[in-house]
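Here is a short briefing for a first look at this structure. Keep the view open as you read.

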Amino acid sequence: EKKEEKAKEEKVKEEKVKEEKGAEVEGDDPETRKKIIHALAVREMDRAELRERCGIPKLAKGVIKLVAKVLGASVEGESKRYALAPENWKLVDDSYWPGYTAEEKAIVKARKAAALAGG
């Protein structure tokens with residue numbers, strides 16, 4: 001009985017480690033993460049906006065949470081909004097990302113500089 005309980009505890013720990021490392025999250029791949037990171041570098045978005053911007057019809061919340069922080073809804077009944085997690089600003093390529101307009105490049109460059117400077 002104690003062995004079963006210990007085995008269950010170990011399995012829960014393993015799942016938590018996998019989740020923290022981003023392993024085995026449905027729909028997770030480097031290209032998807034890159035798209036989400038670069039979309040959120042422009043501004044905060046909800047999941048529907050991210051799906052549209054990234055061109056991914058079935059974008060799982062789990063994948064978003066790997067690179068973003070949940071801000072919650074600003075108005076009751078509104079969708080949760082996501083912002084780029086601070087540790088992921090270093091992954092933003094403000095001069096290259098092909099989906100940016102000239103205006104967005106300027107916004108991203110300024111936001112990235114502020115985020116990396118701690119502001």
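The model is predicted. Helix α2 spans residues 30–42 and comes within 10 Å of helix α3, axis to axis. The axes of α2 and α5 come within 8 Å. Helix α5 also gives the most residues to the lining of the largest pocket.

**Helix α2 with helix α3**

- Helix α3 covers residues 47–54, and its axis crosses that of α2 at roughly 115°.
- Angles of 65 to 115 degrees count as roughly perpendicular, so α2 is roughly perpendicular to α3.
- The crossing of α2 past α3 is right-handed.
- On the α2 side, K35, I36, A39, L40 and V42 make the contact.
- On the α3 side, the contact residues are L50, R53 and C54.
- By class, this contact of α2 with α3 holds six nonpolar and two charged residues, and no polar ones.

**Helix α2 with helix α5**

- The axes of α2 and α5 cross at roughly 90°.
- The two helices, α2 and α5, are therefore roughly perpendicular to each other.
- From α2, the residues L40, A41 and V42 take part.
- They meet E104, I107, V108 and R111 of α5.
- The contact of α2 with α5 has five nonpolar residues, two charged and no polar.
- L40 and V42 of α2 are among the residues that touch α3, and L40 and V42 also meet α5.

**The largest pocket**

- The volume of the largest pocket is about 190 Å³.
- Eleven residues line the largest pocket.
- Closest to its centre are K69, L84, P86, W89 and A115.
- Strand β3 (81–84) and helix α5 (102–116) each supply at least two lining residues.
- Helix α5 supplies four residues to this lining.
- Seven of the lining residues are nonpolar, three are charged and one is polar.

Key
Residues are numbered from 1 along each chain as its sequence is written. This is a predicted model: local features need pLDDT of at least 70, side-chain atom pairs count only at pLDDT 80 or more; totals for chains, interfaces and linings use all residues. Side-chain values use heavy atoms; hydrogens and water are left out. Axes are lines fitted to C-alpha atoms, for helices over the stretch in contact, and angles run from 0 to 180 degrees between N-to-C directions. Angles under 35 degrees count as roughly parallel, over 145 as roughly antiparallel, 65 to 115 as roughly perpendicular and the rest as oblique. A crossing is left-handed if the near helix is turned anticlockwise from the far one by less than a right angle, and right-handed if clockwise. Contact means heavy atoms within 4.5 Å. Ala, Val, Leu, Ile, Met, Phe, Trp, Tyr, Cys and Pro count as nonpolar, Asp, Glu, Lys and Arg as charged, and the others, Gly among them, as polar. On a 1 Å grid over the protein atoms alone, a cavity is a set of points where a 1.4 Å probe fits but cannot get out, and a pocket is an open set with protein on both sides within 12 Å along at least five of seven lines; lining residues have an atom within 4 Å of a point. Grid points are joined across faces, edges and corners, and a volume is the space filled by probe spheres set on the points.
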